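Please look over the structure shown here before reading on.

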Amino acid sequence: MYTYESEGADFLAKAYAPGHITGFFQIHEHENPHRKGSTGCGIVLNGGVTTEVKVGRSVEETEIFLNGKRVEGRTTRTVAGMMTDVPVRIKSWAEIPIGCGFGASGAGALGTAYALNRALSLNQTVKSLTEYAHVAEVVNRSGLGDIAAQSSGGVVIRLQPGGPEFGLVDRIPVPEARVFCIVLGEISTDSVLRDEAATVRINSAGKAAMSELLKKPTLENFMQQAKTFASKTGLMSSRAKDVIEAANASGGLASQAMLGDTVFAIAPYSNEFPLYEALQEFGQVLEYGISTCVPKLMNE
């Protein structure tokens with residue numbers, strides 16, 4: 001734990017962490033938050049969250065801002081509390097939707113850990129910073145496996161749950177591809193994780209999806225298993241089903257982001273325009289790329 005001592009200077013640091021869309025997952029409960037988490041598979045995006053932290057005499061209380069608005073920010077606040085006793089002003093800007101299955105809370109937690117480490121000269125390693133973010137996510141039930149994926153980049157298979165001390169990941173090698181998204185609404189991660197019946201369905205479908213993916217670890221098979229998972233769990237909304245069917249009819253592959261009422265889709269390069277046109281019928285199409293980016297410090 002670090003306690004800030006200075007003669008009045010303020011210290012600023014800024015970090016970035018990518019977003020992540022989970023296609024399917026299995027919940028692994030454990031009394032030790034370092035071991036708790038999920039297995040599954042998802043896509044790391046080239047859009048994410050930029051976080052700036054400020055510490056010093058001018059900061060009298062811990063405040064958290066998201067896109068210019070003051071928020072409670074429980075997960076981010078937990079990261080700060082684990083790393084320091086001093087008040088911190090944390091400002092995050094998201095280029096991904098919030099509460100819709102893009103891993104924004106995880107990206108904010110990672111960015112906070114990296115930036116605080118820099119601002120306070122804590123000299124922690126990436127493994128330690130990732131562990132802080134993972135624990136903050138699981139204790140606040142804002143996510144289970146995003147941190148592991150966001151710390152790896154690409155199309156990430158989470159083979160064992162937990163933070164970096166216990167978790168294990170692998171990746172599917174994929175060519176560059178665009179990811180098109182339609183946001184239909186929000187789903188509370190916390191409420192789903194507290195629903196025992198939903199948990200049983202998720203774990204059964206998630207285990208089956210992982211088994212099938214490992215037989216043929218390709219991007220196309222991942223998308224197919226994600227779609228089957230969304231359907232089996234009952235998490236797929238009727239509107240999402242309509243969007244997915246339209247995407248498939250255009251030559252694309254689509255499923256629902258977990259956990260969010262969001263459809264994400266990919267297509268072979270020659271089919272990208274028909275897919276985009278099909279998705280446009282349902283609202284604004286957000287466009288990202290599959291990214292091998294990992295959390296990083298930025299120039300202040």
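Is Glu-137 buried or exposed? Glu-137 is buried, because its relative accessible area is 1%, where buried means under 20% relative accessible area, exposed means over 50%, and partly exposed lies in between, using a 1.4 Å probe and protein chains only. The model is a predicted one, in which local features need pLDDT of at least 70 and side-chain atom pairs count only at pLDDT 80 or more, while totals for chains, interfaces and linings use all residues. Residues are numbered from 1 along each chain as its sequence is written, and side-chain values use heavy atoms, with hydrogens and water left out.

- Glu-137 belongs to helix H3, residues 126–139, where helices (H or I, at least four residues) and strands (E, at least two) are DSSP runs numbered from the N terminus.
- Leaving aside residues up to four places away in sequence, Glu-137 touches Thr-75, Ser-105, Gly-106, Ser-142, Gly-143, Asp-146 and Ile-147, a contact being heavy atoms within 4.5 Å.
- Ala-13, which is placed in strand E1 (residues 11–28), is also buried, with a relative accessible area of 0%.
- The C-alpha atoms of Ala-13 and Asn-117 are separated by 8.7 Å, although these residues are 104 residues apart along the chain.

**Strand pairing**

- Strand E3 (residues 63–66) pairs with strand E5 (residues 89–94) in the parallel sense over four bridges, and two strands pair if DSSP finds at least two bridges between them.
- Within that pairing, Phe-65 has Lys-91 in E5 as its bridge partner.
- E3 also pairs with strand E4 (residues 69–71), here in the antiparallel sense and over three bridges, with Ile-64 standing opposite Val-71 in E4.
- The hairpin of E3 and E4 has two residues between the strands, and in this hairpin Asn-67 takes a positive phi near 50°.

**The largest pocket**

- The largest pocket holds about 880 Å³ of space; a pocket is an open set of points on a 1 Å grid over the protein atoms alone, where a 1.4 Å probe fits and protein lies on both sides within 12 Å along at least five of seven lines, and lining residues have an atom within 4 Å of a point.
- Grid points are joined across faces, edges and corners, and the volume is the space filled by probe spheres set on the points.
- Its lining has 41 residues, and Ile-98, Gly-99, Ala-104, Ser-105 and Ser-142 lie nearest the centre of the pocket.
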